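I opened the notebook to look up a few things in one structure. The entries follow in the order in which I made them.

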Amino acid sequence: MPVRLDDHQLAAVVARHLGVPVTIDGLRRLSGGASRETWSFDAVTANGTRHELVLRRDPGPAIGLSDRSVEYTLLDAAHAGGVATPAVWFLLERDDELGSGFVMERIDGETIPRRILRDDAYAGARPKLAGQCGTQAARIHALDPARLPALPVQGAREQIELYRGYLDGFGEPHPAFEL
């Protein structure tokens with residue numbers, strides 16, 4: 001898995017799926033994404049059409065219970081069911097040599113709760129937010145389970161063993177987590 005994302009390699013992969021050559025503009029890694037890498041970029045065609053996109057991928061070999069294909073399928077089903085999610089474009093393939101991940105459209109906005117709850121720029125949004133979250137939760141619960149991928153089920157013992165392995169893999173003590 002490459003440590004850095006090569007914009008020419010990414011352009012070739014996006015072009016193959018889009019069907020026309022593209023250049024990559026504004027490639028930057030976003031600070032969010034928790035345990036996944038999230039890259040923002042624009043794919044620009046020769047005629048100037050700009051596609052605002054995001055690459056979400058694992059930072060190394062997939063660790064845990066699912067790879068990005070499960071997330072991709074869940075987002076696709078949610079989007080098709082009317083949930084306010086970005087449209088997914090395509091899943092990376094092994095031959096792309098970009099790791100495990102997918103490309104989706106980019107939706108501009110704020111994701112940091114303290115900014116949404118504190119900043120004046122979001123004062124008008126705050127009174128509407130609870131109702132909008134309720135609407136989206138209702139849409140999620142209305143999704144047809146038959147369209148969703150099967151998720152692995154683990155008992156408590158299997159989960160503890162999994163996370164014990166993660167902690168041991170750090171190679172240094174983490175007493176709070178170990179407790």
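Entry on the pocket. I began with the term: on a 1 Å grid over the protein atoms alone, a pocket is an open set of points where a 1.4 Å probe fits, with protein on both sides within 12 Å along at least five of seven lines, and lining residues have an atom within 4 Å of a point. The model is predicted, so I noted that local features need pLDDT of at least 70 and side-chain atom pairs pLDDT 80 or more, while totals for chains, interfaces and linings use all residues. Residues are numbered from 1 along each chain as its sequence is written, and side-chain values use heavy atoms, with hydrogens and water left out.

The lining of the largest pocket has 27 residues, and I107, D108, G109, E110 and T111 lie nearest the centre. I looked up which elements give two or more residues to this lining, and they are β2, β3, β5 and α3 (113-118). Helices (H or I, at least four residues) and strands (E, at least two) are DSSP runs, numbered from the N terminus. The volume of the largest pocket is about 930 Å³, a volume being the space filled by probe spheres set on the grid points, which are joined across faces, edges and corners.

Entry on the cores. I needed two terms here. A nonpolar core is a set of buried Ala, Val, Leu, Ile, Met, Phe, Trp, Tyr and Cys residues joined through side-chain atoms within 4.5 Å. Buried means under 20% relative accessible area, exposed over 50% and partly exposed in between, with a 1.4 Å probe and protein chains only.

I found 17 residues in the largest nonpolar core, where L10, V14, F41, A43 and L55 have the most contacts inside it. Two or more residues each come from α1 (7-18), β1 (22-29), β2 (37-45) and β3 (50-57). The largest share, five residues, is from α1. I then checked V14: leaving out residues up to four places away in sequence, V14 touches V22, F41, A43, L53 and F90, contact meaning heavy atoms within 4.5 Å. A second, separate core has six residues, including V54, L75, V88 and F102.

Entry on strand β5. Four of the five residues of β5 are buried, so this strand is largely enclosed by the rest of the structure. Two strands pair if DSSP finds at least two bridges between them. β3 and β5 pair in the antiparallel sense over five bridges, and V54 stands opposite M104 in β5. Strand β4 (residues 88-91) also pairs with β5 in the antiparallel sense, over three bridges, and V88 stands opposite M104.

Entry on aromatic pairs. How many aromatic pairs does a search of the whole structure find? It finds two. Rings of Phe, Tyr and Trp (its six-membered ring) pair if their centres lie within 6.5 Å; planes under 30 degrees apart count as stacked, over 60 as edge-to-face and the rest as tilted.

The ring centres of Y72 and F102 are 5.9 Å apart and the planes are at 70°, so I wrote edge-to-face. Y72 is in helix α2 (residues 68-80) and F102 is in strand β5 (residues 101-105), so the pair ties together parts 30 residues apart in sequence. Both Y72 and F102 are buried.

For Y163 and Y166 the centres are 5.2 Å apart and the planes are at 85°, so this pair is edge-to-face.
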